[in-house]
Amino acid sequence: GVNAGIVMAKASTLFKIFSKQELSSQEILYETNNELVETSVQGMFVTMIVGVYELDSQTITWANAGHQPPLIRDQQGQFKEYTESGLPVGVMKQKNASVFVETSLQLKDKRFFVFTDGITESINHKGEELGVKGLQEILRKNNGLSPAKEVEKVVTTIQQITKQLNDDLTLLVVG
């Protein structure tokens, strides 16, 4: 509803402000969290993954605040879910940034996927949720494409096999 939109807009603005200050991923989440707790509508929160990708070293560093775990696909097409996560932002005031654990990984020959639950909770014609395993199957079929083409193919495939979308489809591919 309206409150959710306000909280999302506020979180987005805070993210923009804090990211321009060249803070770490965990510091951005910490600052965003504590600002949202001060001003947020009770019970409202936002899930976020904040990350930095260093082009030179091909290293990605991220911290997760209650969002779906990102997936990494290696050269062999195997997936690993990174489940380390803090609470969503806006739930409760935190004393320090370390509650949002940072993970670093060299992406050379790997792909990093972040997605919303609109993808994993999409319902197919048999009434089943796609889930993380279903998404991995689609990603496996599109291995070898450029990141832009991969996003396009995944979203098109999900739209074709889905009977019911409960939320937006958002997929970020790095690597």
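This is a predicted model: local features need pLDDT of at least 70, side-chain atom pairs count only at pLDDT 80 or more; totals for chains, interfaces and linings use all residues.
**Notes on charges, patches and buried residues**

1. A patch here gathers residues with over 30% relative accessible area and no salt bridge, joining like charges within 9 Å and nonpolar side chains (Val, Leu, Ile, Met, Phe, Trp, Tyr) within 5 Å.

2. Residues are numbered from 1 along each chain as its sequence is written, and side-chain values use heavy atoms, with hydrogens and water left out.

3. Asp168 sits in the loop between strand E8 (162-164) and strand E9 (171-174); helices (H or I, at least four residues) and strands (E, at least two) are DSSP runs, numbered from the N terminus. Asp168 is partly exposed, because its relative accessibility is 41%. Buried means under 20% relative accessible area, exposed means over 50%, and partly exposed lies in between (1.4 Å probe, protein chains only).

4. There is a nonpolar patch too, made by Phe45, Leu87, Val91 and Met92 and covering about 360 Å². The areas come from the Shrake-Rupley method with a 1.4 Å probe, and for residues only the protein chains shown count as cover. Leu87 belongs to the loop between E4 and strand E5 (102-106) and is partly exposed, at 40% relative accessible area.

5. Now for the salt bridges. Side chains of opposite charge can pair when their charged atoms come close. The rule asks for a side-chain nitrogen of Lys or Arg within 4 Å of a carboxyl oxygen of Asp or Glu, and it gives a count of five salt bridges.

6. One of them joins Lys93 to Glu38, at 3.3 Å from N to O. This pair links distant parts of the chain, since Lys93 is in the loop between E4 and E5 and Glu38 in helix H2 (residues 25-39), 55 residues apart. Lys93 is partly exposed at 48%, whereas Glu38 is exposed at 54%.

7. Arg111 and Glu150 also form a salt bridge, at 2.5 Å from N to O. Arg111 lies in strand E6 and Glu150 in helix H5, so the pair ties together parts 39 residues apart in sequence. Both residues are buried. A network of salt bridges links Arg73, Arg111 and Glu150.

8. Within helix H5, Lys149 and Glu152 are three residues apart, about one helical turn. Their salt bridge has its closest N and O atoms 3.9 Å apart. Glu152 is partly exposed at 46%, and Lys149 is partly exposed at 44%.

9. Finally, the buried residues. In helix H4 (residues 131-141), those buried include Gly131, Val132, Leu135 and Ile138. Their cover, by contact (heavy atoms within 4.5 Å), includes strand E3 (71-73), strand E4 (79-81), strand E6 (111-115), helix H3 (117-120) and helix H5 (147-161). Elsewhere, Val7 in helix H1 (residues 2-19) is buried at 5% relative accessible area.
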